[in-house]
Amino acid sequence: MPHPAPTADRLFDRPWRPGHHPFGKSPSRARKWVMSLLLIVLCSIIGVYLFYTDTDRVRRMAQSYLSHILRGRIEIGAAKLSIFEGLRLHDVRVYVDETNDAPDAVLFSADTFIITYDPRVLITGRLEADQIIAIDPHVRLTENTDNGRWNYQRLVREPREPDKPGKPGGPLVLPEILLRNAQIDYSEIRGGRYYELGSLAVEGQLTPSSDGQRYAFELQSRGQSEGVGPVVNGSFSRATGEIYARLARFEFGRDIRTMLPAEVRNWWEAHELSGRVNIPALSYTPARDGKPAAFKVETELDGVTLAVRPEEWLSREELFQRAGTRWLYEQMRWMEEAGLPRPLAARRPFDSVSLPNRLAAMFDLSPVRLQRVSGTFIFTKDGVNDGVEIKDVGGRVENNALVINGRIDGFSPTSAARITVASRASEHIYIPPAPQYVASMPRQVREIYDHLKPQGTCDVTIEFARPENGARPEVSGEVTIVDGNFVFDRFAYPIRQATGRIDFGYDKLLGWDKLQIINLRGKGVDGGPNAESIITVNGEIGPLAGDTGVNVNVTAPDVSSEPALIAAFPEEVREALRIFDPAAAGEWPKFNGSFVCSVFRPPGKLQRWTINTDIQLHEASGALTVFPYPLENVSGKLAIRDGYVDIINANMRRGDATLNVDGRVRWKPEPAPGARPLIATTK
């Protein structure tokens, strides 16, 4: 029967007594065993979980796994494995060897590694990651320029025996690696000292190959002002350290300088490269098994600036001479600053310019600067074809377009080379009145400019050849004058609207450099009596050195006398023409006619100049100092030689009368053999 509900005074009375079971019977023995086993299983699972997630155990496992992948020494500050967050490694460092205190010992460090792994493999006591995400990693690349090795090259070990197919777990599976907020730091060790060079912030991904021997990588830099920064992609071998890469949208002065091998980087720095470059192909094989490092770097320039230093035109001997001159300059400058007396040779006045300043002007030459340079440079070092190949490189010098092709057999300024520099086929070169780059050009080019002082438009082809390392360069070429002005230094009459050709180069038969002037012809002074007269220059100059020889002819078939023409004649010609000025009033004879001026000097030191001028007179007027009779409408020939002039068949007609003048006039005291007396006859 039902029990009555308890009253307030009986709330604490027990509604049951021992032996009574209002909630049912007690668990059976089987149920107790099941519950006990369940408790044991749960405790075992917790124990196994604690065992497998033990920090020290996971850290050692991760260090072993990463060391096997990277083949370097790994140190991990802490490791955490959980079913909620997965596997996380903190304070990860990769060392290139066993040293810790060397400045280039740490190759890689990261605040956190997030590892996606296979739990089935982890149960077997091994770690096998599918993906590794590196948070805030730092890659520290250091090149030791003293031995030509990078720090990462010390990671490369001898290849291990591949895992056998029957081995538990099979071959090693490489994980995919993601870099988040990564930074690549570049540095170098030079002369035993450590120097930081720069850094690059990137996001990247490394994808393993199917055979586990290579990693493909893709790195994207975060651009500063531009929307998309530089991009690097390629692959590298874990066994040998070989790298194949492509680099795009890099600024040499900011990003890519330290990514290149030392030879390439130093070459570009010596040529002051600045601007955007692409590298469509870069391969690098580290030094291994006693073999030196090898590389091939193809560089595409995109509107950059370059500089070519004058030292590159010199031989090793000339560089030594310049070094001695520089040392003398430094000594002289120090003496001047200290107020000490200069050597005797330096005490002579030279146009109020001190000797140190004159010495400085000899070697402190500005480089030739190329603007808007585009084209391809291929750098190769493989022990066979070491050097630089230049392919279709175009640029501008003082707004003149040039195209450069050739090859340099090495990376030093005195390496053997063969280079061609030419003007564009579609664009002429303009030479200004005083180009700044002439003083920095090869000696042969300077000789051309010094002899002719050209100005105007032309087409140029120059071939630079150094047959072997350190040898004296051979420079040859051709200048085709389209429309120019020039003044030949031995016949200083300004010629305008000139055309013609100038060839220069090394003559193997003669054994020296020579300059050939081929049909260089133009008109006289604008506004003068010879403004439409044609004056032609032909001949040779050589060797192009201190003992230069000259054999040049200047001809004009129809000219009139004018002050500029008279002043251009050599002194012997002007002396001869003075015989037609008996009053010594400075009035030169007036004439129409033609002339041929031959300038000759044999090569060699202390050689004399021979200048022979033949003037064919038409409609000349004047008077002879030895026969001061007014002469008009004179025709004849003047053969002007060293110290005398032959008057040949000079005729003047006045009415029915004819005056003939024939003979020789001397202005030097020594008689010439076979000298003819001056004879004047009338009819």
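## Basis of the description

Contact means heavy atoms within 4.5 Å of each other. The model is predicted: local features need pLDDT of at least 70, side-chain atom pairs count only at pLDDT 80 or more, and totals for chains, interfaces and linings use all residues. Residues are numbered from 1 along each chain as its sequence is written, and side-chain values use heavy atoms, with hydrogens and water left out.

## Overall architecture

The chain contains ten helices and 29 strands; helices (H or I, at least four residues) and strands (E, at least two) are DSSP runs, numbered from the N terminus. Of its 683 residues, 42% are buried. Buried stands for under 20% relative accessible area, exposed for over 50%, and partly exposed for values in between (1.4 Å probe, protein chains only). Where residues at least 6 apart in sequence are in contact, 53% of those contacts join residues at least 24 apart.

## The largest cavity

Three cavities of 30 Å³ or more are present in the structure. A cavity is a set of points, on a 1 Å grid over the protein atoms alone, where a 1.4 Å probe fits but cannot get out; lining residues have an atom within 4 Å of a point. Grid points are joined across faces, edges and corners, and a volume is the space filled by probe spheres set on the points. On this basis the largest cavity has a volume of about 1,200 Å³.

The lining of the largest cavity comprises 37 residues, with V139, L141, Y152, F236 and I243 lying nearest the centre. At least two lining residues each come from α2 (55–70), β3 (106–117), β4 (129–144), β6 (176–190), β8 (214–221), β9 (231–237), β10 (243–251) and β11 (274–285). Strand β6 gives the largest share, four residues. By class, 32 lining residues are nonpolar, three are polar and two are charged. Here Ala, Val, Leu, Ile, Met, Phe, Trp, Tyr, Cys and Pro count as nonpolar, Asp, Glu, Lys and Arg as charged, and the others, Gly among them, as polar.

The structure holds twelve aromatic pairs. Rings of Phe, Tyr and Trp (its six-membered ring) pair if their centres lie within 6.5 Å; planes under 30 degrees apart count as stacked, over 60 as edge-to-face and the rest as tilted.

In α5, the buried residues are A262, V264, R265, W267 and W268. Just after this helix, E272 adopts a positive phi of about 55°.

## Charges over rings

A charge sits over a ring if NZ of Lys or CZ of Arg is within 6 Å of the ring centre and within 35 degrees of the ring normal. R73 is placed over the face of Y95, 4.3 Å from the ring centre. The charged end of R190 lies over the ring of Y195, at 4.4 Å from its centre.

## Helix α8

Helix α8 (residues 443–452) is largely enclosed by the rest of the structure, because seven of its ten residues are buried. These are Q444, V445, E447, I448, Y449, H451 and L452. K453 follows the helix, with a positive phi near 45°.

## Individual positions

N551 lies in strand β23 (residues 549–560) and counts as partly exposed at 42% relative accessibility. Not counting residues up to four places away in sequence, N551 touches N538, G539, E540, V599 and F600. Its C-alpha atom is 7.3 Å from that of S598, 47 residues apart along the chain.

T613, in strand β25 (residues 610–622), is buried at 0% relative accessibility. Neighbours within four places in sequence aside, T613 is in contact with F569, V573, V596, C597, L638, A639, I640 and R641.

I579 occupies the loop between α10 (571–577) and β24 (590–601). I579 is buried, with a relative accessible area of 8%. I579 and V665, 86 residues apart in sequence, are 8.1 Å apart in space, C-alpha to C-alpha.

Note on methods:
1 Å grid on protein atoms, 1.4 Å probe; cavity = no way out; pocket = protein on both sides within 12 Å on 5 of 7 lines; lining within 4 Å.
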